[in-house]
Amino acid sequence: MTYAMDGLPTHRRVPDLVVLPGTREELIAVVRLLAALGLPFVPRGAGTGLSGGALADEGAVLLVLTRLNRILQIDAKNGRAVVEPGVVNAKLGAAARPLGLQYAPDPSSQTACTIGGNVAENAGGPHCLKYGVTANHILALEVLLADGSLVEIGSPGGESWGPDLVGVFVGSEGNFGIATRITVRLTPLPRAVRTLLADFTGLRTAGEAVSAIIATGIVPAALEMMDQSCICAVEDSVYAAGYPRDAAAVLLVEIDGRNADAVVAETEVVTDLLRKSGARSVRCAATEAERERLWQGRKKAFGAMGRLSRDLVVQDAVVPRSALPYVLETIAGIAKHYGLVVSNVFHAGDGNLHPNISFDATDPGLKLRVEAASAEIMEACIAVGGTITGEHGVGIDKLRYMPLIFDAESLGAMQALRRVFDPEERVNPGKVVPVHACREWASAHPGAPPRGQPSLARAS
Amino acid sequence: MTILEKVTALLGEGAVLEPSTDRVPRVAPGSPDAVALLLGTAHQEGWRVRIEGAGTWLQSDAPADLALTTRRLDRVPAIEPSDLTATAEAGIGLDQLRQQLADRGAWLAIDPPGLAGRTLGSIVSTATAGPLRHGFGPIKDHLLGVTFVTGDGRMVQSGGRVMKNVAGYDLTRLQAGGFGAFGVIVLVHLRLRTLPRADVTYVLQGAREDLTQVGEDVAAAGLTPAALELVSPALARRERWVLAVRLAGSPALVAADEAGLGAASGGGRFAPLRAEEAHGFWMRLAEGFSVRPVTFRIGGVPTASDELLDLLQHQLGDEWISASPAAGAIRWTGDTNIDRMQRLRRTLAGLEVPLTLERAPWPLRGAVGHFGAYREGVGPLVAGLRRTFDPGGALVVATEGS
């Protein structure tokens, strides 16, 4: 049962076989055996993903990589680390911190999620507004392809051997192979940090404050928003952070840098701007403990919302930042129309929304309303120039939305790209690209067999 | 019918320009659809096509039946200052784009080598970042998406117009730095910044090893320069090596960094440049890389920069060189030959340092290739990508060399 779901409770597949290799060599041997048998397989990290991307379907073998959890090297002078895919994100951060360094991408699941999973999903996080997403921090990879061969792409210096295959691989959702060794960039820790909590009586004014901050040219380390429903869920949980329950929305704004004077000056500018934009109050965390408490509420908000009801739909659309006020009001209208509870917690600085719908899936009528509302929310985001996923990935959860943003030719190009790495489409089959929507492209490997996977049952 | 007659029938007389000096017919499609039509026809007819932008960077000398120039794709369909995004066609010159963005208070934080009118498509397809890579990252970090046309005439969209996007596989990063081997970029979605309210440049002259130390001190002092570039005397047109520091951003940040710069350099030896001097300095530096016949870049870890500069000096000479030591990026330009380039690439490969040939006359480019000395397993993947995105081999690009 542990491996039947990922972090998204709406999809469930019980794998036929789960394998947990303990070393890189064991992993290579298993993948080569699967290649010889022609069996599909699904790489999986900690299973914290939010797209159903790490579920084993179609008779695929689930390869769990959490035991490959060694930090192989940290080169502090050059700001580099080499890790195995099962290293937990926060553990890498903890290892780098005494050296004055950080691994910047910080998804909310960072205490559990693995670097290999982060690479597969091109994971983001609150601080990616300033520091960039996973793709900005991966320099080189050793990749195990579906046929059992190894490929070295990228270089420790960041220049690629030929085209940017690292950039192509990161975010490929495990469809191109398994990253067995990952060289990441570590960056200097900021020397000064200021964390602000601003509360607003209207969603629109909070959204407008986001645009005003971005327009100054100051790039906050993080700029997060939570609406009232989310605030109350957090405050009702063990993660209560002291957010004002009567606020329509709060903004959590963090300014950091390596120069304390600059951080103080920029914090003053942002504080002033928040007040002018209609913030009812702006509070600056006075101690590290207070800062951590404010952040705990944000990072655990998803878990807190899990308490509202037994099922949860999590969306991940991204919209142009200037469209935030309009889109937030539209989502509220959709929620009202369908009689649903929609909680918003999201990376406002990036325009990356996470509207979450709490519901009980055992109620068939309610489930239909949730599905209809989800589709309307997604369509509203796309209509303003947005996209369907900013950091969670497509997996199986958003497959149906892909034709809304890409035409058949572009989807065909993606499928053709995948076949360059995995001609038989045996790694993580059935994810990311809805094959029925693709325009057919000539195979890059004329000898590749037609699609249609053998299954574990048939091979045994 | 000749190729020229067929192209004229296909795209109209307005699309046909004066032929190149090597008498290869030159065609300038007026829209992305026209590019797709032309390449689809080229694929069917077996024509070999070389890609040009404004013709100011990569030499237009590859053997081909047809030259496709993107220079008529020069529209900017969208600039969104409040979202800090823009969409521009690939053939627009960077100087024109910069001006249009500045008029709206926006800034594309790149300063690639070459002349000011170099096209956006050229910059993206060759991934040629300049000194601003130190503070704002490589070219790919400024891209939200691209639309490109494959060698057989298929129009493909990748990415989008928003800040974060993981919908589908990242074909944008395949095109950024692909040198046109996997398609012709026709449209680019860009990530912008607000025009910096403060932007100052300081320079310090001295021996290379001393300046390298100062550069390390600047980084250790916690300063956050937009650029920290070490420039050879010939390229900087100074008597000695130059360490140039550009501070750009909010007035608060720049003022704080200016205060720290004097301390970091051991007593304020950095000399500030007036605004017009700074503009001239960075422009001359960029233009210097399009003067000599051969330009390449290498990328190593920061602590290897000194060793790599010594290696270049030993094997090729160091007259025209610019390095961003903290980013591990070095660019060289000058005159050299096939043997030297191949030997250098092999030597660097042994140090885990890739060499990307950015521009060179075709005889050298064709022999050495933009890429080469691949690590284990990369060659078959690159070949597979070529077969996928240019199945008929219509696009003439010296990927790996002969």
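Predicted model: local features only at pLDDT ≥ 70, side-chain atom pairs only at ≥ 80, totals over all residues.
Local features need pLDDT of at least 70 and side-chain atom pairs pLDDT 80 or more, while totals for chains, interfaces and linings use all residues. Residues are numbered from 1 along each chain as its sequence is written, and chains are lettered from A in the order in which they are written.

Student: Which helix of chain A gives the most to the side that touches chain B?
Tutor: Contact means C-beta atoms, placed from the backbone, within 7 Å. By that rule 79 residues come from chain A and 68 residues from chain B. Elements are DSSP runs numbered from the N terminus: helices are H or I with at least four residues, strands E with at least two. With nine residues, the top contributor on the chain A side is helix 14.

Student: Is strand 16 (residues 341-346) of chain A largely enclosed or open, and why?
Tutor: A residue is buried if 20 or more other C-beta atoms, placed from the backbone, lie within 10 Å of its own. Five of the six residues of strand 16 of chain A are buried, so the strand is largely enclosed by the rest of the structure.

Student: How many bridges join strand 16 of chain A to strand 17 (residues 355-359) of chain A?
Tutor: Strands pair if DSSP finds at least two bridges between them. A:Asn344 has A:Pro355 in strand 17 of chain A as its bridge partner. The two strands run antiparallel, and the number of bridges joining them is four.

Student: What percentage of the 402 residues in chain B is buried?
Tutor: Chain B has 14 helices and 19 strands. Its C-alpha trace spans about 70 × 50 × 40 Å along the principal axes. The buried share of its 402 residues is 60%.

Terms used
Contact = placed C-beta atoms within 7 Å. Buried ≥ 20, exposed ≤ 12 C-beta atoms within 10 Å, placed from the backbone.
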